[in-house]
Amino acid sequence: MKYCKKCGRIEKESDVYCSVCRNSRLEEGEPDKNFPVVAVRAAGFEKQRICSVLDDADIPYSTKIARKQFSADAVTGSSNADYDILVPYGFYAKTRDILIGINAAEPDENDGNAKALSKEEEKELSADYYSTKNKLVRAVAIILFLAVVAGIVMGVDAVMALIKGFMNFS
């Protein structure tokens, strides 16, 4: 088995370059259990469906924009970008089985190479994946989002007070 450390793709033994990022330094052997690997690429409703199934199966995952579609965002209000859905390598075999079962992915030659984890190993790995650092980053992001919303509300309130003042002055 070969894998790309740059983008997380699992490649065929015969491949010399990564099929996505064209990295020529593919690693031999299996990645670390916590190493994020690409399970599938999806967009729109299919991405939401896959993420829901992974949530239901208690499989930790993250998403990364693979290809952005700018024009559709402004018109439709939803993203049509392609996303890579990454899972820790320890969950790769279980994830691929689920994806194949819901027809979200086609079987490939790498599916049999990854070994499945026991329930105890899954719980330990899941706890590592959602580490304190990830929780802290999410908490800071939520606080910043709330601060931005509060700033917008206060700014709109100030503008409305200014307009109201001009209306009463006349």
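Arg 49 and Glu 46 form a salt bridge, with their closest N and O atoms 2.8 Å apart. A salt bridge here is a side-chain nitrogen of Lys or Arg within 4 Å of a carboxyl oxygen of Asp or Glu. By this rule the count is three salt bridges. This is a predicted model, in which local features need pLDDT of at least 70, side-chain atom pairs count only at pLDDT 80 or more, and totals for chains, interfaces and linings use all residues. Residues are numbered from 1 along each chain as its sequence is written, and side-chain values use heavy atoms, with hydrogens and water left out.

**The pair within a helix**

- Arg 49 and Glu 46 sit three residues apart in helix α1 (residues 44-56), so about one helical turn separates them.
- Helices (H or I, at least four residues) and strands (E, at least two) are DSSP runs, numbered from the N terminus.
- Arg 49 is partly exposed, at 26% relative accessibility.
- Glu 46 is also partly exposed, with a relative accessible area of 26%.
- The classes run as follows: buried is under 20% relative accessible area, exposed is over 50%, and partly exposed is in between (1.4 Å probe, protein chains only).

**The pair between β4 and β6**

- Arg 41 and Asp 84 meet through their side chains in a salt bridge of 2.8 Å, N to O.
- Arg 41 belongs to strand β4 (residues 36-43) and Asp 84 to strand β6 (residues 82-88), so this pair ties together parts that are 43 residues apart in sequence.
- Arg 41 counts as partly exposed, at 35% relative accessibility.
- Asp 84 counts as buried, at 5%.

**The pair between β1 and β3**

- Lys 2 forms a salt bridge with Glu 28, and the closest N and O atoms are 3.8 Å apart.
- Lys 2 lies in strand β1 (residues 2-3) and Glu 28 in strand β3 (residues 27-28), so the contact ties together parts 26 residues apart in sequence.
- Lys 2 is buried, with a relative accessible area of 13%.
- Glu 28 is exposed, at 54% relative accessibility.

**The sheet around Lys 2 and Glu 28**

- Three strands make an open sheet in the order β2-β1-β3, with antiparallel pairing.
- The edge strands, β2 (10-11) and β3, each pair on one side only.
- Two strands pair if DSSP finds at least two bridges between them.
- β1 and β3 pair in the antiparallel sense over two bridges.
- Lys 2 has Glu 28 as its bridge partner in β3, and a salt bridge also joins Lys 2 and Glu 28.
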